Amino acid sequence: MKIAIIGAGIAGLGAAWLLHKTHDVSVFEAAGHLGGMAHTIELPGHPAIDTGFTVFNRHTSPNLLALLEHFDLPSIPCDFSCSISLPDPPLYLSAEKEFPLLSNSFSPRYWKLRLAIRSFWRALPSLRCSDPAKGVERFFKQARWSEDFIKHYLLPLAAMIWRGTPAGMSHFPAARFLDILRSLHLSDPTAPSSSADPEWFVLSGGGSLYINALSAPFRDRIQLNTLITDVIRHRDCVEIVRKGGHSEQYDHVILAVPCDLARSLLSRLSKEEEIALSGIHFEQKDICLHQNTDLMPPSRKLWTAFNFLEAERLHNAYITRWINRLPSFADRGQNYFVTLGAPPPKQDLLYKTSYPSPQFTGNTFAAWESLPNIQGKQRTWFCGAWCGDGFHEDALSSGLAIGEALGGELRPWSLEETSPAARYCVSK
Ligand SMILES: Cc1cc2nc3c(=O)[nH]c(=O)nc-3n(C[C@H](O)[C@H](O)[C@H](O)COP(=O)(O)OP(=O)(O)OC[C@H]3O[C@@H](n4cnc5c(N)ncnc54)[C@H](O)[C@@H]3O)c2cc1C
């Protein structure tokens with residue numbers, strides 16, 4: 001069969017990897033690089049740095065771990081320590097030394113918040129939400145958790161885990177959210193004791209190494225800098241239209257792009273496609289690789305691997321990853337940061353791009369439920385991190401599930417428990 005795959009992120013590449021030996025596969029990618037958000041930047045005079053996907057949790061990434069083992073690519077432990085800096089009046093929660101800060105120790109709000117945080121992590125094993133569609137904010141409000149805890153701890157923490165925004169996380173289905181926190185084996189990552197967490201890993205050498213290994217056998221089937229503008233579904237074929245108007249016919253199409261982009265490429269959507277593709281909105285957010293300490297907490301004592309700053313003067317919140325916390329960067333003489341969501345710093349900027357950041361909506365759960373029903377209908381298949389919980393593993397696992405469903409090779413490993421994306425993606 002002739003199969004078009006739109007998007008060369010890990011979801012599209014995962015599907016192509018299983019399909020390329022048995023089918024005539026063409027992969028179209030709008031950007032000039034492979035991997036989508038698995039994107040390693042190599043600048044002269046600087047080390048290679050990942051600006052998107054970087055860390056993964058060993059409990060929740062079975063396919064990624066199996067794939068790395070398959071290619072014999074090493075990963076190394078890293079920490080998932082977090083800090084939260086709040087303005088007006090300044091208050092800091094940090095896996096590093098927050099006690100030396102006088103502003104914290106004299107703040108009743110700080111102690112109240114710490115108490116709520118401790119109660120939350122103690123309660124987590126038994127917290128349950130019976131309505132699978134209820135969002136995080138609504139669930140915690142109804143369970144009478146304080147507004148300060150929800151707005152200034154829980155949602156910022158969720159934003160750091162999902163690389164989103166607190167507002168974008170408020171509608172994430174609470175039941176799934178609690179399950180994920182439990183399965184990540186996190187204990188409060190803003191508490192000093194959890195700064196060296198062995199559950200998290202980073203790819204040695206950067207994400208591009210594994211993207212290149214995976215795509216090498218079908219590299220000649222991938223067309224970079226090729227924006228697809230329309231997918232027209234006919235009864236006996238699918239027509240793929242590129243920017244400029246050139247079009248080709250295929251037996252099937254796999255849309256490995258964020259769901260709202262998939263929606264905009266298609267016409268005559270079925271009712272179920274409307275539901276399945278409108279559960280998550282994506283906002284294009286600036287990502288900067290830089291060396292400017294202004295986007296970090298004010299005191300170096302507070303710096304952790306992930307730093308959330310609610311910035312008064314920017315009227316916004318942003319997240320900065322301190323690259324030097326990765327084991328291979330620890331001894332670097334200079335600091336490297338990757339910031340999501342802030343305007344690029346005027347000084348010490350090394351690289352700037354933007355990625356789609358997920359904004360979960362009240363329809364997210366309904367969309368996940370509808371997804372298996374639309375797969376393969378009208379010769380159209382969907383994969384991507386949005387099919388599951390939004391992590392890199394979800395993107396990979398959904399791509400592999402579609403590759404297998406379309407008659408590609410089976411993945412060369414077996415799993416006892418598959419990732420959520422595969423469950424949502426195709427019905428068993
Ligand atoms: C800053 C940031 C950091 C992250 N860090 C982590 C992390 O540490 N761990 C983790 O598990 N997850 C992380 N994530 C999430 C994870 O990286 C992504 O969810 C996952 O990599 C997405 O893969 P994907 O294949 O679904 O989509 P993408 O990687 O977005 O790939 C989609 C591809 O489709 C292409 N495309 C879109 N439209 C078109 C079109 N019309 N024509 C042709 N091509 C098109 C895009 O250019 C893109 O390359 C992070 C996300 C962000 C934003």
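View 1. The C-alpha centres of domain 1 and domain 2 lie 28 Å apart. Domain 1 covers 2-70 + 203-279 + 361-425, and domain 2 covers 82-195 + 283-359; these bounds come from an automatic or database domain assignment. Before going further, please note that this is a predicted model, in which local features need pLDDT of at least 70, side-chain atom pairs count only at pLDDT 80 or more, and totals for chains, interfaces and linings use all residues. Residues are numbered from 1 along each chain as its sequence is written. The contact between the domains takes 20 residues from domain 1 and 25 residues from domain 2, where two residues are in contact if their C-beta atoms, placed from the backbone, lie within 7 Å. On the side of domain 1 that touches domain 2, the largest share, three residues, comes from helix α12 (residues 364-374). Helices (H or I, at least four residues) and strands (E, at least two) are DSSP runs, numbered from the N terminus. That side of domain 1 has nine nonpolar, 10 polar and one charged residues. Here Ala, Val, Leu, Ile, Met, Phe, Trp, Tyr, Cys and Pro count as nonpolar, Asp, Glu, Lys and Arg as charged, and the others, Gly among them, as polar.

**View 2. The surroundings of the ligand.** In this view, 35 residues surround the ligand, and the closest are G7, G9, G36, A385 and A395; a residue counts as near if its C-beta atom, placed from the backbone, lies within 6 Å of the molecule. The shell draws at least three residues from each of domain 1 and domain 2. At least two residues each come from α1, β5 (55-57), β19 (349-360) and α13, with α1 giving the largest share, three residues. By class, the shell divides into 23 nonpolar, 10 polar and two charged residues.

**View 3. Helix α1 beside helix α13.** The axes of α1 (residues 10-19) and α13 (residues 392-405) come within 7 Å and cross at roughly 30 degrees. Axes are lines fitted to C-alpha atoms, for helices over the stretch in contact, and angles run from 0 to 180 degrees between N-to-C directions. That makes α1 roughly parallel to α13 (angles under 35 degrees count as roughly parallel, over 145 as roughly antiparallel, 65 to 115 as roughly perpendicular and the rest as oblique). Among the residues making the contact are I10, W17 and L18 of α1 and H392, L396 and L400 of α13. The contact divides into 11 nonpolar, six polar and one charged residues.

**View 4. Helix α2 against helix α13.** Helix α2 (residues 62-70) packs on α13 at an angle of about 75 degrees, with the axes 8 Å apart. The two helices are therefore roughly perpendicular to each other. Look for N63, L64 and L67 in α2, which meet H392, E393, L396, S397 and L400 in α13.

**View 5. Helix α4 across helix α6.** Helix α4 (residues 108-123) and helix α6 (residues 147-162) have axes that come within 10 Å and cross at roughly 80 degrees. This pair is therefore roughly perpendicular. R109, L113, A116 and I117 of α4 make the contact with D148, F149, H152 and Y153 of α6. By class, five of these residues are nonpolar, one is polar and two are charged.
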